[in-house]
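The entries follow in the order in which I made them.

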Amino acid sequence: MTQDVNVYKVFTDDSSRGNPAAVVEYRGWPDAKLLEIARNSGAPVTVFVQFSSDQEKDAVLRFFSSEQEMTFCGHGTLAAGAFMLQQYERDRLQVVCGSGTPIVIAKSPLGHYYFKTERARRLAMIPDRIEVAHMLGRDPGDILDNAPFCAASIGSPKLLVPLRHLNALDEIKPKFEKIKEWSGKYRINGVYAYAFHEPEQKAPDHGAVYIHARGFNPLFGIPEDAATGVAAGALGDLLFQGGGPSAYVISQGKHVGAESEIRVEVKAESVEIGGFVCI
């Protein structure tokens with residue numbers, strides 16, 4: 001059995017940066033074969049696209065890391081969107097992901113790919129500040145009191161951890177085995193630490209809040225993620241629900257040499273997550 005593997009760089013217009021995702025057209029292989037392909041794709045996430053003749057959806061997407069299947073993946077969704085929009089020669093699609101959630105994927109006149117998904121929901125679990133700080137190699141006092149510190153989801157649950165300063169974000173020393181153990185225990189797909197743009201730094205788009213972030217997901221074989229769209233979307237929505245604006249720009253990936261820029265916009269009934277995609 002052979003397959004074409006297309007690797008896209010997501011949340012960037014520079015092929016040397018961004019978060020890579022492989023896209024493969026699904027041809028009826030068993031799950032063991034899908035996992036084998038994912039392990040050999042050269043990307044942290046592989047998306048399998050099953051085109052559909054159903055009028056209610058254009059395709060079904062399944063996501064695999066090198067370790068296991070994932071219910072949802074933001075940058076994988078955008079990579080699949082770029083692949084499918086080129087195949088269909090359209091600027092808008094509707095797909096269904098492994099979580100069962102219907103997703104609209106589109107391309108804007110400015111060239112951004114984006115997808116619309118459900119509004120964020122805050123999960124009931126209450127994280128322990130000392131335990132979380134220990135996992136990140138930080139002091140508990142580095143965690144902000146007045147920003148979302150919780151588990152939240154727009155299809156894949158993430159722990160959101162606000163830090164007081166960019167230095168605290170830069171100086172994280174993640175304990176990957178602890179994060180993996182904690183994630184498995186609470187069924188949370190990774191830890192997403194973030195810090196707000198320093199006031200003295202110039203933000204290019206004054207209509208949006210700028211945030212810097214780092215994502216850790218060793219449970220799925222991804223020690224540090226170059227960009228985590230679902231976490232960025234959940235964070236933007238919770239900030240909006242707390243009285244913040246509707247637009248956010250999240251910078252991520254510099255610590256793994258793959259700078260990425262994620263754009264989030266909160267709408268009345270959905271969250272839009274997007275950015276550039278290149279191959």
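I take helices (H or I, at least four residues) and strands (E, at least two) as DSSP runs, numbered from the N terminus. The model is predicted: local features need pLDDT of at least 70, side-chain atom pairs count only at pLDDT 80 or more, and totals for chains, interfaces and linings use all residues. Residues are numbered from 1 along each chain as its sequence is written, and side-chain values use heavy atoms, with hydrogens and water left out.

**Entry: helix H2**

I then looked up burial (buried is under 20% relative accessible area, exposed over 50%, partly exposed in between; 1.4 Å probe, protein chains only). Because 12 of the 15 residues are buried, H2 is largely enclosed by the rest of the structure. The buried residues include His75, Phe83 and Met84. After H2 comes Glu89, with a positive phi near 55°.

**Entry: pockets**

I searched a 1 Å grid over the protein atoms alone: a cavity is a set of points where a 1.4 Å probe fits but cannot get out, a pocket is an open set with protein on both sides within 12 Å along at least five of seven lines, and lining residues have an atom within 4 Å of a point. Points are joined across faces, edges and corners, and a volume is the space filled by probe spheres set on the points.

The largest pocket has a volume of about 300 Å³. I found 18 residues in its lining, with His112, Arg263, Val264, Glu265 and Glu272 nearest the centre. Strands S8, S15, S16 and S17 each give two or more residues to this lining, and S17 gives the most, with four.

The second largest pocket, of about 190 Å³, is lined by 13 residues, among them His212 and Lys254. Helix H4 contributes the largest share of that lining, three residues.

**Entry: cavities**

I counted three cavities of 30 Å³ or more. The largest has a volume of about 110 Å³; Met70, Cys73, Lys158, Asp225 and Thr228 are the closest to its centre among 15 lining residues. H2, strand S14 and helix H6 each supply at least two residues of this lining.

The second largest cavity holds about 40 Å³ of space. Its lining includes Lys158, Asp225 and Thr228, and strand S13 gives the most to it, with three residues.
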